[in-house]
Amino acid sequence: MSFEDRALAAQSSGRESAFALDEVFFSRTDPRGVIQAGNAVFSRVAKYRMEELLGAPHKVIRHPDMPRAVFQLLWDTIKGGGTVGAYVKNRARDGSYYWVFAVVTPCEGGYLSARIKPTSPLLKTVQQEYARLHQAEQAEALSPQDSADLLLARLKELGYATYDDFAGHALAEELLARDAGLNRPACARLAERRAMHGTAGTLVGETEALVQEFESMRTIPHNLRVIASRIEPAGGPVTVLSQNYSSMSRDMSSWFEAHVWGKDSNFRAIKGTVTAAIFVEGLARILTECARQLEQEGTTAAVDIPREQGILSQLTEIQFGKARSSLQDVRFEAGRIQKACQTLHRHFMALTTTRVLCKIECARLGNVGESLNSIIDELGLFQDRISARLERISELSNALASEEA
């Protein structure tokens, strides 16, 4: 940077390099992050001539206020073949700044980043979090990975299970805020996907509660068996019935763990799957607008417009395909949990029969059996709660399974 450029940057520091809400811009790099192409909006906002940007490292527009954690997560994701979204504060050539929400995806020969202007209330939160994180990086000399770990931990505190969960939510918020700012009708498809995300979250919460109900119920048949051993001979009918109840409830819990809630189950990731669908659909929408913007800008000697339009079109189709695939996965998992609920309901019919037989035996034992009644009634309350949860889970699963891809 020349002396004149440095002087201009000092004067412009703290000023915003503005761009319109309806504008989108993109840049394409090689695998090392060297800029290969971009559109006129990118050049104008960054305040570099396109010829200066081509062949330059993308970090030429990196703002020193940005925490390194964000770029660590970004590169980790795209190098692994994934797509990622992030709020980024960039610096133009004259030292002015501009905030973007960037979505980055691998493409043939490198990576493509498309950006929109962020305007949702989430931006202010991100700005505050970035400032704190950047300060921690400076004060504690954090490595990029340590800083990334700190960012992920903070996102969990804010209610996001993963960075992808945050990025999907953020992209949806920004696109809806953008539509509102441009006086456009809210995207119905995006609104539906957000509703799906809420349904999936509720479904996972209900399923977690069901697992806890199973865990709580395990001690009751044991207590029943202990009391029965005190009031009847070894191997008596109540003891046998309580053993059967314990075995059946344990088998149900184990079956549920193996087929629905196990650590390798896709159902655990159903909320993340919906998030992924939201993100890739949002990305496809931005890529579509990039192609339209490029067409409006017309020809330029520095960039092969038809080639870039072809790349954008191909990437858009890929992302829509991923979105359809993600939603098919959601419907499959929702259908599977419905079948699981039906199976558990059948098991509960057998449990109810066993509990009724226990009540009959208690009545036959007269006053001696009264001490068992309260425990058997407690089992009934547990069954009612579990049955109600199964019904709720079945309703939520049906809502997800009926969603159109």
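A pocket is an open set of grid points with protein on both sides within 12 Å along at least five of seven lines, and its lining residues have an atom within 4 Å of a point. In this predicted model, helix H11 gives the most to the lining of the largest pocket, with 6 residues. The account below starts with the whole chain and then returns to that pocket.

The protein chain has 13 helices and 5 strands. It holds 405 residues, and buried residues make up 49% of them. Contacts with a separation of 6 or more were also examined. Of these, 72% join residues 24 or more positions apart.

The largest nonpolar core contains 104 residues. Tyr87, Tyr98, Leu112 and Phe166 touch the most other members. Helix H12, residues 305-364, supplies the largest share of this core, 14 residues. Leucine 112 shows what such a position looks like in detail. Residues up to four places away in sequence are left out of its list. Its partners then include Phe26, Ser27 and Arg28. Val103, Val104, Thr105 and Cys107 are also among them. Further along the chain, leucine 112 touches Leu287, Ile311, Leu312 and Leu315.

Glutamine 319 also lies in helix H12. Its relative accessibility is 1%, so it counts as buried, the limit being under 20%.

Serine 147 is another buried residue, with a relative accessible area of 0%. Its place is in helix H6, residues 144-157. Apart from neighbours within four places in sequence, serine 147 is in contact with Ala69, Leu133, Glu137 and Leu142.

Helix H7 covers residues 163-181. At 1.5 Å a residue, its 19 residues should span 27 Å. The C-alpha atoms at its ends are 26 Å apart, which agrees. Of the 19 residues of H7, 14 are buried, so the helix is largely enclosed by the rest of the structure. Asparagine 183 follows H7. This residue sits in the loop between H7 and H8. Its relative accessibility is 71%, so asparagine 183 counts as exposed. Its phi is near 60°, a positive value in a residue other than glycine.

Lysine 47 also has a positive phi, of about 65°, although it is not a glycine. It lies in the loop between helix H2 (40-46) and helix H3 (50-53). With 36% relative accessibility, lysine 47 counts as partly exposed.

The pockets come next. Rolling a probe the size of a water molecule over the atoms shows where empty space is left. The largest pocket has a volume of about 530 Å³. It is lined by 25 residues. Thr162, Asp164, Asp165, Gly272 and Thr275 lie nearest its centre. Four helices each supply at least two residues of the lining: H7, H8 (188-217), H11 (270-297) and H12. By type, the lining residues of the largest pocket divide into 9 nonpolar, 10 polar and 6 charged.

The second largest pocket has a volume of about 440 Å³. Its lining consists of 22 residues. His58, Lys59, Arg62, Phe71 and Trp75 lie nearest the centre of this pocket. Helix H4 (68-79) supplies at least two lining residues. So do strands E1 (25-29), E3 (84-91), E4 (97-107) and E5 (110-116). The lining of the second largest pocket divides into 12 nonpolar, 6 polar and 4 charged residues.

Tryptophan 75 belongs to helix H4. Its relative accessibility is 24%, so it counts as partly exposed. Tryptophan 75 touches Pro31, Arg32, Gly33 and Tyr111, with residues up to four places away in sequence not counted. Valine 104 is 29 residues apart from tryptophan 75 along the chain, and their C-alpha atoms are separated by 9.6 Å.

Methods:
Residues numbered from 1 in each chain as written. Predicted model: local features only at pLDDT ≥ 70, side-chain atom pairs only at ≥ 80, totals over all residues. Heavy atoms only, no water. Core = buried A, V, L, I, M, F, W, Y, C linked by side-chain atoms within 4.5 Å. Buried < 20%, exposed > 50% of the residue type's maximum accessible area, 1.4 Å probe, protein only. Contact = heavy atoms within 4.5 Å. Expected span 1.5 Å × (residues − 1). 1 Å grid on protein atoms, 1.4 Å probe; cavity = no way out; pocket = protein on both sides within 12 Å on 5 of 7 lines; lining within 4 Å. Points joined across faces, edges and corners; volume = space filled by probe spheres on them. Nonpolar A, V, L, I, M, F, W, Y, C, P; charged D, E, K, R; others polar.
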